[in-house]
Amino acid sequence: MKTMRTMRSAYDVAVIGGGAAGLLAAGRVAAGGLSVVLFEKMEKPARKVRITGKGRCNLTNDRPTEELLEKVRSGRDFVRPALTAFTARDTQVFFESLGVPLTVERGGRVFPRSGRAWDVADALERYAEVSGADLLNRAEALRLLTTAGRITGVEVSVDRRKTVFNCRKALIATGGMSYPSTGSTGDGYRLAYECGHAVEPVRPSLVPLELHSRYLRVLNGVQLKNVELTLRADGEERQREFGEMEFTPFGMGGAIVLKISRQAVDALIDGKKVEAEIDLKPALSPQQLSARIDRETAAEENLTIERLARKLLPAKLVAPVIREAGLKPYDLAKEMTFDGRERLVRTLKRFVFRVSGYRPFPEAVITAGGVALSEVDPATMRSKRIEGLYFAGEVLDIDADTGGYNLQLAFSTAWQAANAMLEEQET
């Protein structure tokens, strides 16, 4: 690791941000023969990588490129050239070449075989250093220096002392605003804006949702598998997902909640009435569910509605579903009216919650919004406004579903930017 005393004052390339995109780009550019300095404002690079995937690091997804592109929520056409040039398979080959054996799990999710996110982070750090990049920690980029519309340097605070590094090119790879304790505090947006770039409004994405419901205290901690979750905004269906979710003290989280969260956040910001509708029995049609109730009722003479519901639901859901259906728990199931039975079936198939908000950036997996894509060349990640300025990763207005897709976007855009710098140097 370099110190100020052993570093040069001028480099070909300055990389701002020592996360997944920054380290990959720094290593690639340095391996190509350019002098590179990387500024990381935290005490160690790749802090967000070290905690991602619950400490296991879901680093990509083993899907074909076209299927992977379908998981991109914002910037799909923009990232297509990058994802084609550096695919998910390329990412796997790259990390295995660095001595990180990988394994593919359910849904195509790719993890280090060790189950340790640190192995991925350490491999990226070693790659950058062995390739010849100078890594400087506790170094916060304060501003980009430009002359006549081109990059000339970066002003940096190193251990609270300001200094200037001259460079011909700069890559902003600072990430977004999610998990700010890892250093992702939106610095890249400010640097880009000060250079004249437009920045699309940023908001949390892949984030748990808050609910307005009298049942939250009862449901807290309930985990649901194989349910279908539908998001509606002003009554219009926006997204539907199948899988796992859980109730929390403030609302709901889990895989399928994160998937719909981008749409929910945007609808809430637009002032729409947002509802999350859970189908607790998606494998059964209303008619099949009604027939199941008939069979259970016929099999037990004195079956109460409460005991009937227990045969269909996790224990903590019994009381809320019965109450929502307007039934009495200790009435006999066989005495339910036709209307009562219809209400029970309807509630099991459409248990509706009002979405009142979303959790803040520290609880979001990624950030939506960022540097406007219209001002960046998708073939090179080069700024259309400032000569010598490049972008990679989450600082751009790109985001995707959970499942390794967002890290793949970081790797692909970083590789694209690095290759563009090297090709420009050769011409």
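The charged end of Arg-50 lies over the ring of Trp-118, 4.4 Å from its centre. Here a charge sits over a ring if NZ of Lys or CZ of Arg is within 6 Å of the ring centre and within 35 degrees of the ring normal. Before we start: this is a predicted model, in which local features need pLDDT of at least 70, side-chain atom pairs count only at pLDDT 80 or more, and totals for chains, interfaces and linings use all residues. Residues are numbered from 1 along each chain as its sequence is written, and side-chain values use heavy atoms, leaving out hydrogens and water.

**Exercise 1.** Find the residue whose charged end sits over the ring of Tyr-11.

*Solution.* Arg-8 places its charged end over that ring, 5.1 Å from the centre of Tyr-11.

**Exercise 2.** Classify the ring pairs that Trp-415 forms with Phe-86 and with Phe-94.

*Solution.* 
- Step 1, the rule: rings of Phe, Tyr and Trp (its six-membered ring) pair if their centres lie within 6.5 Å; planes under 30 degrees apart are stacked, over 60 edge-to-face, and the rest tilted. The count by this rule is ten aromatic pairs.
- Step 2, Phe-86: its ring and that of Trp-415 are 4.6 Å apart centre to centre with 20 degrees between the planes, a stacked pair. Phe-86 belongs to the loop between helix H4 (76-85) and helix H5 (88-97), while Trp-415 is in helix H14 (residues 405-426), 329 residues apart. Helices (H or I, at least four residues) and strands (E, at least two) are DSSP runs, numbered from the N terminus.
- Step 3, burial: buried means under 20% relative accessible area, exposed over 50%, and partly exposed in between (1.4 Å probe, protein chains only). Phe-86 is buried at 5%, and Trp-415 is buried at 16%.
- Step 4, Phe-94: the centres of its ring and that of Trp-415 are 6.3 Å apart and the planes are at 70 degrees, so this pair is edge-to-face. Phe-94 lies in helix H5 and Trp-415 in helix H14, so the pair ties together parts 321 residues apart in sequence. Phe-94 is buried too, with a relative accessible area of 10%.

**Exercise 3.** Which residues have the most contacts inside the largest nonpolar core?

*Solution.* 
- Step 1: a nonpolar core is a set of buried Ala, Val, Leu, Ile, Met, Phe, Trp, Tyr and Cys residues joined through side-chain atoms within 4.5 Å.
- Step 2: in the largest core, of 89 residues, Phe-39 and Leu-396 have the most contacts. H14 gives the most to this core, with twelve residues.
- Step 3: a second, separate core has 46 residues, including Val-227, Phe-247, Met-252 and Phe-353.
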